[in-house]
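We will go from stop to stop, selecting something at each one.

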Amino acid sequence: MGSSMNTLISEKVTLVPGDITCENLGVKDCNLAEEMRREVDIVVNLAATTKFDERYDVSFNLNTMGAKNVLDFSKVCAKLKMLLHLSTAYVSGERGGLILEKPCCMGEALNGTPGLDLDMEKKIMEERFIELQTKEATEQEITLAMKDLGIQRAKKYGWPNTYVFTKAMGEMLLGQTKGNIPLVILRPTIISSTYKEPFPGWVEGIR
Ligand SMILES: NC(=O)c1ccc[n+]([C@@H]2O[C@H](COP(=O)([O-])OP(=O)(O)OC[C@H]3O[C@@H](n4cnc5c(N)ncnc54)[C@H](OP(=O)(O)O)[C@@H]3O)[C@@H](O)[C@H]2O)c1
């Protein structure tokens, strides 16, 4: 399509800044939010933190609760045809062999450990945070401790890192609360460097 592609995109696409960790996806302009609810028919959620060792609270709020916020937004879109959610193949962990595309069911750990409960996970991270603040931990100490907590919780239930654990919990929440929303969950494997810009092979972050 060449240059006409840019024209087509600029006619069809409107950019709206937002934040999926917030209610209403962080869109503060009421008229705009109303227009989105009236006009949007397909929602594609790619937003995530893909850092394997992200702080547990940050990763949970974005990859788990953020997925739910996008679902809630989709539910009030009058013309909604589909919610497409980007997950990852690694919600299935790092096992070898044939792995079927089985949904992540609420509370089901990869290693069979019982007791995975999202409310409890939230409580654990909040309590850890308060404990660190009470001890007057520095910002850096809090970050390190919250990163450690994520890895520890992920490993307890059989996932290799915080990223895939919080993505798996996002899938669980979507599955449990989707109601009659047409939901598609895609689980790509690994997509890394850019095709052209800023130059071929560019990778953002540590991969
Ligand atoms: N790359 C892979 O190999 C791979 C494999 C499997 C699945 N996936 C999934 O594919 C999706 C995209 O991955 P990617 O590699 O393109 O990641 P990425 O380059 O890190 O892109 C993530 C995007 O999410 C946005 N974002 C972060 N926090 C947000 C928030 N609170 N509200 C709204 N947007 C927010 C970021 O915007 P800013 O840049 O403005 O922060 C960024 O554009 C993710 O869901 C990921 O889990 C990726």
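## The whole chain

Colour by secondary structure and follow the chain along its sequence: the pattern reads α-α-β-α-β-α-α-α-β. That comes to 6 helices and 3 strands, where helices (H or I, at least four residues) and strands (E, at least two) are DSSP runs numbered from the N terminus. This is a predicted model, in which local features need pLDDT of at least 70 and side-chain atom pairs count only at pLDDT 80 or more, while totals for chains, interfaces and linings use all residues. Residues are numbered from 1 along each chain as its sequence is written, and side-chain values use heavy atoms, with hydrogens and water left out.

Switch to a C-alpha trace, and those atoms fill a box of roughly 55 × 40 × 40 Å along the principal axes. Now show the surface: its accessible area is about 13000 Å², and 56% of this belongs to carbon and sulfur atoms. Such areas come from the Shrake-Rupley method with a 1.4 Å probe, and for residues only the protein chains shown count as cover. Of the 207 residues, 34% are buried; buried means under 20% relative accessible area, exposed over 50%, and partly exposed in between (1.4 Å probe, protein chains only).

Contacts here mean heavy atoms within 4.5 Å. Among contacts between residues at least 6 apart in sequence, 75% join residues at least 24 apart.

## The ligand

Select the ligand and its surroundings. There are 17 residues around the ligand, the closest being Asp19, Ser87, Tyr163, Lys167 and Ile191; a residue counts as near if one of its heavy atoms lies within 4 Å.

- Asp19: a polar side-chain atom lies 2.7 Å from a ligand nitrogen.
- Lys167: an N or O atom of the side chain is 2.8 Å from a ligand oxygen.
- Ala48: a backbone N or O atom lies 3.4 Å from a ligand oxygen.

Taken alone, the ligand exposes 890 Å², and the protein buries 59% of that.

## Inside helix α3

Select Ser59, which sits in helix α3 (residues 56–75). Is Ser59 buried or exposed? Ser59 is buried, with a relative accessible area of 0%. Leaving aside residues up to four places away in sequence, Ser59 touches Thr49, Glu54, Thr64, Thr162, Tyr163 and Thr166.

## Backbone stops

Most residues other than glycine have a negative phi, and most peptide bonds are trans.

Leu25 is in the loop between α1 (3–12) and α2 (30–39). The phi of Leu25 is positive, near 55 degrees, and Leu25 counts as buried because its relative accessibility is 13%.

Glu136 is in the loop between α4 (118–134) and α5 (139–156). Glu136 also has a positive phi, about 55 degrees, although it is not a glycine. At 69% relative accessibility, Glu136 counts as exposed.

Finally, go to Pro198, in the segment after β3 (183–186). A cis peptide bond joins Glu197 and Pro198, with omega about 0 degrees.

## One last distance

Select Gly96, in the loop between β2 (82–86) and α4. Gly96 is exposed, at 63% relative accessibility.

Conventions:
Polar contact = N/O pair within 3.5 Å; in protein donor to acceptor, adjacent residues only side chain to side chain.
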